[in-house]
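Please keep the sequence and the structure in view while reading.

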Amino acid sequence: MEEEAEKLKELQNEVEKQMNMSPPPGNAGPVIMSIEEKMEADARSIYVGNVDYGATAEELEAHFHGCGSVNRVTILCDKFSGHPKGFAYIEFSDKESVRTSMALDESLFRGRQIKVIPKRTNRPGISTTDRGSRARFRARATNYSSSRARFYSGFNSRPRGRVYRGRARATSWYSPYK
């Protein structure tokens with residue numbers, strides 16, 4: 001019993017020593033890259049769309065192996081379910097491989113026609129979705145004092161049909177539900 005406890009302590013000490021040691025130079029873990037380095041890596045990368053959900057990184061690497069040396073294959077997954085999203089990024093060692101890989105656009109991969117385009121570089125602070133304007137409209141629509149707006153979700157602030165745009169426009173229209 002005492003011998004097993006001593007062996008366990010020795011093993012724990014060895015593990016702690018290994019954890020405290022710095023990682024070997026070849027395996028540095030996640031690397032923080034500057035914006036210029038990211039843009040340069042994106043220039044050597046492609047986007048592959050309509051990828052089969054059961055595809056592996058090795059299969060994609062084998063499919064694009066003829067285009068050039070592949071550095072990395074990234075298949076994006078949903079963060080909640082863990083299932084693949086259906087697209088991938090492939091980083092090559094040189095920029096010429098990106099041009100060569102464009103020949104595989106609309107080729108068949110695991111029975112699906114894939115889409116191959118050069119990867120674009122995301123610029124910080126520029127959004128492709130305009131979520132702010134939708135939220136502002138929703139807030140404006142909920143503050144509207146009409147009783148109809150509370151009950152109908154398809155509220156439209158523009159009245160239908162002919163609208164008189166003269167002086168009487170400033171007066172409110174008659175509603176029996178006020």
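The residues that line the second largest pocket divide into seven nonpolar, four polar and five charged. In this division Ala, Val, Leu, Ile, Met, Phe, Trp, Tyr, Cys and Pro count as nonpolar, Asp, Glu, Lys and Arg as charged, and the others, Gly among them, as polar. The model is a predicted one, in which local features need pLDDT of at least 70 and side-chain atom pairs count only at pLDDT 80 or more, while totals for chains, interfaces and linings use all residues. Residues are numbered from 1 along each chain as its sequence is written, and side-chain values use heavy atoms, with hydrogens and water left out.

The space in this second largest pocket amounts to about 380 Å³. Its lining comprises 16 residues, of which Met33, Lys38, Ala41, Asp42 and Lys119 are the closest to the centre. A pocket is here an open set of points, on a 1 Å grid over the protein atoms alone, where a 1.4 Å probe fits and protein lies on both sides within 12 Å along at least five of seven lines; lining residues have an atom within 4 Å of a point. Grid points are joined across faces, edges and corners, and the volume is the space filled by probe spheres set on the points. At least two lining residues come from each of helix H2 (35–43), strand E2 (70–77) and strand E3 (84–92). H2 gives the most, with five residues. Helices (H or I, at least four residues) and strands (E, at least two) are DSSP runs numbered from the N terminus.

The fold as a whole may now be considered. The protein has six helices and six strands, and along the sequence they follow the pattern α-α-β-α-β-β-α-β-β-β-α-α. Of the 178 residues in the protein, 19% are buried; buried means under 20% relative accessible area, exposed over 50%, and partly exposed in between, with a 1.4 Å probe and protein chains only. Among contacts (heavy atoms within 4.5 Å) between residues at least 6 apart in sequence, 61% join residues at least 24 apart.

In soluble globular proteins, nonpolar side chains tend to be buried together. The largest nonpolar core in this model has 16 residues, and Ile46, Val48, Val51, Leu60, Phe64, Ile90 and Phe92 touch the most other members. Such a core is a set of buried Ala, Val, Leu, Ile, Met, Phe, Trp, Tyr and Cys residues joined through side-chain atoms within 4.5 Å. E1, E2 and E3 are the elements that give two or more residues to this core, and the largest share, three residues, comes from E3. Not counting residues up to four places away in sequence, Ile46 touches a list of residues including Phe64, Ala88, Ile90, Phe92 and Val116.

Ala88 lies in strand E3 and is buried, with a relative accessible area of 0%. Residues up to four places away in sequence aside, Ala88 touches Ile46, Tyr47, Val48, Val51, Leu60, Thr74 and Ile75. Ala88 and Val116 are 28 residues apart in sequence, and their C-alpha atoms are 9.8 Å apart in space.

Ser97, in helix H4 (residues 96–101), counts as buried because its relative accessible area is 3%. Its side chain reaches the backbone oxygen of Cys67 at 3.3 Å, and Ser97 touches Cys67, Gly68, Ser69 and Phe92, with residues up to four places away in sequence not counted. Ser107 lies in the loop between H4 and strand E4 (108–109) and is buried as well, with a relative accessible area of 15%. The side chain of Ser107 makes a polar contact with the side chain of His63 at 3.4 Å, and it also reaches the backbone oxygen of Leu104 at 2.7 Å. A polar contact is a pair of N or O atoms within 3.5 Å; within protein, one must be able to donate a hydrogen and the other to accept it, and residues adjacent in sequence count only if both atoms are side-chain atoms.

Finally, the backbone deserves attention. Most residues other than glycine have a negative phi. Asn50, which is not a glycine, has a positive phi of about 60 degrees; Asn50 is in the loop between strand E1 (45–49) and helix H3 (57–63) and is partly exposed, at 35% relative accessible area. Arg110 also has a positive phi, near 55 degrees. Arg110 is placed in the loop between E4 and strand E5 (112–113) and counts as partly exposed because its relative accessibility is 42%.
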